[in-house]
Amino acid sequence: MATIRDVAKLAGVSVATISRFLNKNGYVNEDTKLRVEQAIKTLQYEPNAIARGLAGRKTGTIALIFPDITNPFFAELARAVEDVARMYGYTVILCNSDNQADKEQTYIKVLKQRYVDGILFASYNLRSDDVEALKSEKIPLVMLDRAPRDASCSIVSSKHLEGAQMAVQHLMDVGCKKIAHIYGPQETVTGRERFIGYEQSVKHLPWYSPSLVEPGYFRVDGGMAAVENLMQRHPDIDGIFAGNDTMAVGALKKLQRLGLRVPDQVALVGFDGIDLTLIVEPEITTVAQPIYDMGMLSTRLLIKKIEGDIQEEQTHLFDVTLIPRGSTERKRNDE
């Protein structure tokens, strides 16, 4: 494998000249540029991005840390991040933390050593002091869909509380009289705000009970287990708002196994808008986030921070949209 010294020798110039040419941080005359380009082509030299990053603190790489690679929501986010990064000439390193704080901390240490230009976080294990540490080391970061409380950082998310209220209102509109909620991890902004949105919508109603909520951990198996527990406590539940679509898919599967008809006996709404809700029967009504747009904006925002175009921290909240489908398609009792 050719080295920078081999290129310098063949081109008849100094290593410093090759470095200026590669990093575009100094003057190189046109005749020298041609000789260097020919030498690189002849030797099939591939510059080491890390070595170049040591000089310019730019490696053309960004990282995306997310909690669960099996969740289609994060797959769609990752696709948008990669698409936009490529447009701007950046490469993306994907890091799946499995919701493990220690694994996430290991990723952060490794990414620092590899001189990534910036980091997108879609994980809820990041602490406020982690944010401050990264900022002190001048590593740009953007929080995608979630952020630690009291942290000063740029955030791209959507209106989770408002979306939860839309979901509950829709269940009421189709005639549900007793609505349960399967909630996500309360350490996350997403899980917490969707829980609050449900609670604010129903706590004043005579049928409401704290036992109508059950954790589902944002997983399919969590949704299945939650339905089993909820129906044992309240066999008369006729509506369920699941805090994300993967839990809604699990809920649908368990309801069908229990012999309950969806939507005639139990109507069901999820949250996120992932394609998985379209391949089950009935298709699941969902509160859709503009997932791809969120990934695009967060990546553009991070790159602008990397390139010094913006300095201040920003928060962008996208609107959400209720998409009615088969899992709530029934007539109201008064019709």
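Student: Why is Lys254 called buried?

Tutor: Buried means under 20% relative accessible area, exposed means over 50%, and partly exposed lies in between (1.4 Å probe, protein chains only). Lys254 has 14% relative accessibility, so Lys254 counts as buried. This is a predicted model: local features need pLDDT of at least 70, side-chain atom pairs count only at pLDDT 80 or more, and totals for chains, interfaces and linings use all residues. Residues are numbered from 1 along each chain as its sequence is written, and side-chain values use heavy atoms, with hydrogens and water left out.

Student: What makes Lys254 and Glu228 a salt bridge?

Tutor: The term needs a side-chain nitrogen of Lys or Arg within 4 Å of a carboxyl oxygen of Asp or Glu. Here the closest N and O atoms are 3.7 Å apart. The pair therefore qualifies.

Student: Why does this pair tie together separate parts of the sequence?

Tutor: Lys254 lies in helix H11 and Glu228 in helix H10 (residues 220–233), so the linked parts are 26 residues apart in sequence. Helices here are DSSP runs of H or I with at least four residues, strands are E runs of at least two, and both are numbered from the N terminus.

Student: Is Glu228 buried or partly exposed?

Tutor: Glu228 has 35% relative accessibility, so Glu228 counts as partly exposed.

Student: How do you know that Asp31 and Arg35 form a salt bridge?

Tutor: Their closest N and O atoms are 2.7 Å apart. Both residues lie in helix H3 (residues 30–43), four residues apart, about one turn of the helix. Asp31 is partly exposed at 48%, and Arg35 is partly exposed at 33%.

Student: What makes E8 and E9 paired strands?

Tutor: Two strands pair if DSSP finds at least two bridges between them. Three bridges join E8 (residues 239–242) to E9 (residues 267–272), and the strands run parallel. Gly239, for example, has Ala267 in E9 as its bridge partner.

Student: Why are E7 and E12 said to stand at the edges?

Tutor: The open sheet of six strands has the order E7-E6-E8-E9-E10-E12, with mixed pairing. Strand E7 (213–215) and strand E12 (321–323) each have a single partner strand, so one side of each is left without a neighbour in the sheet.
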